[in-house]
Amino acid sequence: MAWVLKMDEVIESGLVHDFDASLTGIGQELGAGAYSMSDVLALPIFKQEDSSLPLDDETKNPPFQYVMCAATSPAVKLHDETLTYLNQGQSYEIRMLDNRKMGDMPEITGKLVKSIIRVVFHDRRLQYTEHQQLEGWKWNRPGDRLLDLDIPMSVGIIDTRTNPSQLNAVEFLWDPAKRTSAFIQVHCISTEFTPRKHGGEKGVPFRIQVDTFKQNENGEYTDHLHSASCQIKVFKPKGADRKQKTDREKMEKRTAHEKEKYQPSYDTTILTECSPWPDAPTAYVNNSPSTAPTFTSPQQSTCSVPDSNSSSPNHQGDGVSQTSSEQLQPSATTQETQQWLLKNRFSSYTRLFSNFSGADLLKLTKEDLVQICGAADGIRLYNSLKSRSVRPRLTIYVCQEQPGSSLLQGQQQAAGSGAENGSGTPYVYHAIYLEEMVASEVARKLALVFNIPFHQINQVYRQGPTGIHILVSDQMVQNFQDESCFLFSTVKVENSGGIHIILK
C-alpha cells in the first residue's frame, strides 16, 4: 500500500514539472516581440468565421443626425418608438449634426444642403386625407401655420422659406461643416384632428420629419440624401409638462419588474431614419383659396331642394340626369365615380378618391367616411351614397288646365273618371313635393315645374263652393290631404302684369 502511494506522488510531481516547462516559453515569446492580432486571426478556427462577420466598409452610418431637445416619455414600452410631448407654440431646438466619416460624400464637402422640416400625421389613415385635414384646419384658423421656424433663435440656417400652400413645412439651407440648430414651433394640437364625441378624446400623434437634399447638375436641391423622423404629441401650453409629469408618476408606482418592460426617459429625442416624404403634387402646391372644404350654406340647400325633389314630364330629361347624379352605382368606373363626386359637390375629395370605383366607395362605412372627410362632409357623403334624400312632408298632383277645356271636364279628370280632355290629349299631372307646409312653397314649386316666373305670381287661390276663390294660406296647406289632385289655371292681373293661380 505504501508502494502505491509513493508511485502516485512520483507521477503527480512529474506532471507538474512537465506543465511548468510548457508554460515557460509563453512569457518569453510575448516579451520578445510585438503581439500580432493578424497572426491569431490567421488560425484555421478564425478563418471559418471571418467570412460571416461584417466588414467595416459594409456598415454604413447615416450621413446626418437630427436631435430634438425635448424629453421622451417614460411610459413607452421597450422596442416601441419613442414618444415626445411638445407644447403648442413653444420653440424647440433641432440640432443638425454632420455624421459623415472621413471621405464620405465628398461631393457635398464645402457646399450647402437643403433640409425640409415637416409636421405630418402619424396615423396612416390620416396621412391619406392629409390635404383635406389641413385645409379644414386652415379654414378654422385663417392666417395661421401649423409649423413655423423661430428664426431669431436658430443658428446656421440660410435662406429660410415657407410656402403659403404648405402650412406644415419649412425649408432652409445649411452648411454641414458648421454648427446648425433650427428652432421650430408647432401651432396645431393633437385634439384638433380628433372627431368630437363626448369630450376628453385622445389626441392623434404627429411626426416631425426632416428630409435633406443636395444640389443636382442644374443646381436644384432635389437629390435626396437622408430622412429621419420622430413621433410627437402636441398639447396646449404647459400641457406637455403636465403629461410628462403624469407619465413619470405612473411609472414610479410600478414595480421593478414592470419597469423593466418600459424604456427610460431621455433628455433629448433622436430622430430615426425613415423613407423620404413623397413630393407634394402640383394640385397641392397650386391650390387657390377658393378650394376650401365644402360647407353647405342655407342658400345652396334652398336652391337645390326644388331641383332634387321636383320632377315633371316637362323636365323629364333633367330628372333622369339628377337620378344618375344622386345615386352612385356599384358598377361605376373610376371616371364615373369622379363625375359623381363633382356633381354632388364633393370636388375637394376627387383626388383622394381618384382610384375608387363605385363599388369601392360604397363599401366604406359611415365611420370610415367621417374619419376621412371629417364629420360634416363625411355624413353628407354617406347620405349621398345611400341616397338618403329628404322625405317630403306632403305630395300633391297638379295639372295645368288647357285652354278651351271645360270646368266639368277638369273636375272629372281630378276625380279620376276620365283619361282625356275634349281634344283627345291626355291629362298629365306633375308631382309636387313639399318640404315646408306653407303657401309660398306651393307657389314656388308651381313656378318651378310649370316654368312660370316666380316674381309674377301675386296670389294662389283655391276654388271653393259656388266658384268662389279662397286665398291659399299656410293653414290651408297644412290641411291638404296627401296625394290630392288639382287642376289649375292662371288669371292675369290688370295693370300689374302679374298673375293669379287658381287651384280647382
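In the predicted model, Glu-93 lies in strand β3, which spans residues 91-98. Because its relative accessible area is 13%, under the 20% limit, Glu-93 is classed as buried. Two polar contacts involve the side chain of Glu-93: one is formed with the side chain of Ser-181 at 2.6 Å, and another with the side chain of Arg-95 at 3.5 Å. When residues up to four places away in sequence are left aside, Glu-93 touches Val-67, Met-68 and Cys-69, together with Arg-179, Ser-181, Ala-182 and Phe-183.

Strand β3 belongs to an open sheet of five strands, arranged in the order β5-β8-β3-β1-β11 with antiparallel pairing. The edges of this sheet are formed by β5 (147-149) and β11 (269-270), each of which pairs on one side only. In general, the strands of a sheet pair through backbone hydrogen bonds, in either a parallel or an antiparallel manner. Between β3 and β8 (residues 180-186), which run antiparallel, there are six bridges. Thr-180 in β8 stands opposite Met-96.

A further element examined is helix α11, comprising residues 334-343, in which Thr-337, Gln-338, Trp-340 and Leu-341 are buried. Viewed down the helix axis, the buried residues of α11 fall within an arc of 160 degrees and therefore line one face of the helix. An α-helix has 3.6 residues a turn, so residues three or four places apart point the same way. Gln-335, Leu-342 and Lys-343 are exposed and are carried on the face of α11 turned away from its buried side. Just after α11, Arg-345 adopts a positive phi of about 65 degrees.

Key. Residues are numbered from 1 along each chain as its sequence is written. This is a predicted model: local features need pLDDT of at least 70, side-chain atom pairs count only at pLDDT 80 or more; totals for chains, interfaces and linings use all residues. Side-chain values use heavy atoms; hydrogens and water are left out. Helices (H or I, at least four residues) and strands (E, at least two) are DSSP runs, numbered from the N terminus. Buried means under 20% relative accessible area, exposed over 50%, partly exposed in between (1.4 Å probe, protein chains only). A polar contact is a pair of N or O atoms within 3.5 Å; within protein, one must be able to donate a hydrogen and the other to accept it, and residues adjacent in sequence count only if both atoms are side-chain atoms. Contact means heavy atoms within 4.5 Å. Two strands pair if DSSP finds at least two bridges between them. The arc is that of the directions from the helix axis to the C-beta atoms.
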